[in-house]
Amino acid sequence: MAEKTRRSITVDAPAEHVMGVIADFAAYPEWVDAAKSVEVLATGTDGRAEQVRFVLDAGMVKDTYVLRYRWAPDGLSVEWDLVSGEIQKAQHGSYVLEPESSEGGGASTRVTYELTVDLTIPMIGLFKRKAEKVITGTALEELKKRVEG
């Protein structure tokens, strides 16, 4: 797979609250603009989603795909890989949370999102990386808004 896109943002909330929002797939259509439906297909013994189907409509880009998730035991990271997709042939991503102290003594979390996507249709690397930057940037802004909102 090609090089990954990495973006970070600081969210004014404890890491466990941020991960709770990330793990609440049923609520994604409420705060992820492109998510038209999200369905957990399988859960692990810990109750966390293992396979999730997404129906995305981001204007010119529409896709239905399934991701397989792996959750870190410490609750500070999650990774995923593509199981199946219509226009994607591969996807690997992760969220890594780093607890921080914020101004005023409250808790904040540095959230780093990494993403690599390979499509079934040919795309110039420059355009693919730009699309990944838009996806990761938008996802982090929407996550921050949802957690802090």
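Reader: Start with Thr-136. What does Thr-136 touch, leaving out residues up to four places away in sequence?
Author: Thr-136 touches Thr-5, Arg-7, Tyr-113 and Leu-115. Keep in mind that this is a predicted model.

Reader: Which element holds Thr-136?
Author: Helix 3, which covers residues 125-148.

Reader: Buried or exposed?
Author: Thr-136 is buried. Its relative accessible area is 0%. The cut-off for buried is under 20%, so Thr-136 qualifies.

Reader: And Lys-133, where is that?
Author: Lys-133 is also in helix 3. Lys-133 is partly exposed, at 48% relative accessible area.

Reader: Why partly exposed and not exposed?
Author: Because exposed means over 50% and buried means under 20%. Lys-133 has 48%, so it falls in between.

Reader: How far is Lys-133 from Val-55 in space?
Author: They are 20 Å apart, C-alpha to C-alpha. In sequence, 78 residues separate Lys-133 and Val-55.

Reader: Switch to strands. Where does Thr-116 sit?
Author: In strand 7, residues 107-119. Thr-116 counts as buried, at 5% relative accessibility.

Reader: What is the C-alpha separation of Thr-116 and Leu-67?
Author: It is 13 Å. Along the chain, Thr-116 and Leu-67 are 49 residues apart.

Reader: How many residues lie between strand 3 and strand 4?
Author: Two, and the strands form a hairpin. Gly-59 in the turn has a positive phi of about 75°.

Reader: What about strand 4 and strand 5?
Author: Antiparallel again, over seven bridges. Strand 5 covers residues 77-85. The bridge partner of Arg-68 is Asp-81 in strand 5.

Reader: How many residues between the strands in that hairpin?
Author: Five. Gly-75 takes a positive phi near 75° there.

Reader: Zoom out. How many helices and strands in the chain?
Author: Three helices and seven strands. Along the sequence the pattern reads β-α-α-β-β-β-β-β-β-α.

Reader: What does the radius of gyration say?
Author: It is 15 Å. The globule rule gives 15 Å for 149 residues, so the chain is as compact as a globular protein of that length. The C-alpha atoms fill a box of roughly 50 × 35 × 25 Å along the principal axes.

Reader: What share of the residues is buried?
Author: Buried residues make up 39% of the 149.

Reader: And what share of contacts joins residues 24 or more positions apart?
Author: 46%, counting contacts with a separation of 6 or more.

Reader: Surface next. What is the accessible area of the chain?
Author: About 8400 Å². Carbon and sulfur atoms own 52% of that.

Reader: Last one, charges. How many positive and negative side chains?
Author: There are 18 positive and 24 negative. The centres of the two sets lie 6 Å apart.

Key:
Residues are numbered from 1 along each chain as its sequence is written. This is a predicted model: local features need pLDDT of at least 70, side-chain atom pairs count only at pLDDT 80 or more; totals for chains, interfaces and linings use all residues. Side-chain values use heavy atoms; hydrogens and water are left out. Helices (H or I, at least four residues) and strands (E, at least two) are DSSP runs, numbered from the N terminus. The radius of gyration is taken over C-alpha atoms; the globule rule is 2.2 Å times the number of residues to the power 0.38. Buried means under 20% relative accessible area, exposed over 50%, partly exposed in between (1.4 Å probe, protein chains only). Contact means heavy atoms within 4.5 Å. Accessible areas come from the Shrake-Rupley method with a 1.4 Å probe; for residues, only the protein chains shown count as cover. Lys and Arg count as positive and Asp and Glu as negative; His and the chain ends are not counted. The place of a charge is taken as NZ of Lys, CZ of Arg, CG of Asp or CD of Glu. Two strands pair if DSSP finds at least two bridges between them.
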